Amino acid sequence: FGAEVEEMDRVVKGVKRIESTHQGQKLLKTDSLHQLKAHKWRVKDAPKDFMLLAKSKTGAEVIMHEDRQILGTQFHPEAPSGTFSLAAFQEILFQRR
């Protein structure tokens with residue numbers, strides 16, 4: 001979708017705080033998440049036609065397409081240690097149908 005992916009100088013590991021944007025607070029119904037991160041690559045900004053729902057110091061963490069049922073995360077929503085589950089993200093997408 002055109003976003004630039006860049007390698008960071010260090011690996012980010014562990015459960016980290018992620019801030020919801022204004023739009024994200026409406027859809028995620030929270031001002032922050034605590035999710036498992038384990039990566040060395042990042043997307044700094046949401047690509048065209050995507051809304052940025054949550055971000056961290058390293059960049060975009062949750063993005064959602066403005067018209068299509070596409071939602072992406074930088075962290076691991078399937079990990080049981082997070083405060084927001086994969087099922088919760090699926091529910092957001094199904095509500096947009």
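Contact, throughout these legends, means heavy atoms within 4.5 Å. This is a predicted model, where local features need pLDDT of at least 70 and side-chain atom pairs count only at pLDDT 80 or more, while totals for chains, interfaces and linings use all residues. Residues are numbered from 1 along each chain as its sequence is written, and side-chain values use heavy atoms, with hydrogens and water left out.

**View 1**
Glu 61 sits in strand 4; helices (H or I, at least four residues) and strands (E, at least two) are DSSP runs, numbered from the N terminus. Is Glu 61 buried or exposed? Buried, with a relative accessible area of 0%; the cut-offs are under 20% for buried, over 50% for exposed and in between for partly exposed (1.4 Å probe, protein chains only). Its side chain makes a polar contact with the side chain of Lys 37, at 2.5 Å. For a polar contact, take a pair of N or O atoms within 3.5 Å; within protein, one must be able to donate a hydrogen and the other to accept it, and residues adjacent in sequence count only if both atoms are side-chain atoms. Leaving aside neighbours within four places in sequence, Glu 61 is in contact with Ile 18, Lys 37, Leu 52, Ala 54, Lys 55, Ser 56, Gly 72, Thr 73, Gln 74 and Phe 75.

Two strands pair if DSSP finds at least two bridges between them. Strand 1 (residues 5-20) and strand 3 pair in the antiparallel sense over two bridges, and Ser 20 stands opposite Ala 54 in strand 3.

**View 1. Thr 21, in the loop between strand 1 and helix 1.**
Thr 21 belongs to the loop that runs between strand 1 and helix 1. With a relative accessible area of 14%, Thr 21 is buried. A polar atom of its side chain lies 3.1 Å from the backbone nitrogen of Gly 24. Not counting residues up to four places away in sequence, Thr 21 touches Leu 52, Leu 53 and Ala 54.

**View 2. Leu 33 and the largest nonpolar core.**
A nonpolar core here is a set of buried Ala, Val, Leu, Ile, Met, Phe, Trp, Tyr and Cys residues joined through side-chain atoms within 4.5 Å. Which of the 13 residues in the largest nonpolar core touch the most other members? They are Leu 28, Leu 33 and Val 62. Strand 3 (50-56), strand 4 (59-65) and helix 2 (86-95) are the elements that give two or more residues to this core. Setting aside neighbours within four places in sequence, Leu 33 is in contact with Lys 16, Arg 17, Ile 18, Leu 28, Val 62, Phe 75, Thr 83 and Phe 84.

**View 3. Aromatic pairs.**
Rings of Phe, Tyr and Trp (its six-membered ring) pair if their centres lie within 6.5 Å; planes under 30 degrees apart count as stacked, over 60 as edge-to-face and the rest as tilted. By this rule the count comes to three aromatic pairs. Phe 1 and Phe 50 are edge-to-face, 5.0 Å centre to centre with 70° between the planes. Phe 1 lies in the segment before strand 1 and Phe 50 in strand 3, so the pair ties together parts that are 49 residues apart in sequence. Phe 1 is exposed at 63% relative accessibility, whereas Phe 50 is buried at 9%. Phe 75 and Phe 89 form a tilted pair, 6.0 Å centre to centre with 45° between the planes. Ring pairs link Phe 75, Phe 84 and Phe 89 into a cluster.

**View 4. Two positive phi values outside glycine.**
Lys 29, not a glycine, has a positive phi of about 60°. Lys 29 is in the loop between helix 1 (22-28) and strand 2 (32-43), and is exposed at 67% relative accessibility. Asp 49 also has a positive phi, near 75°. This residue is in the loop between strand 2 and strand 3, and is partly exposed, with a relative accessible area of 35%.
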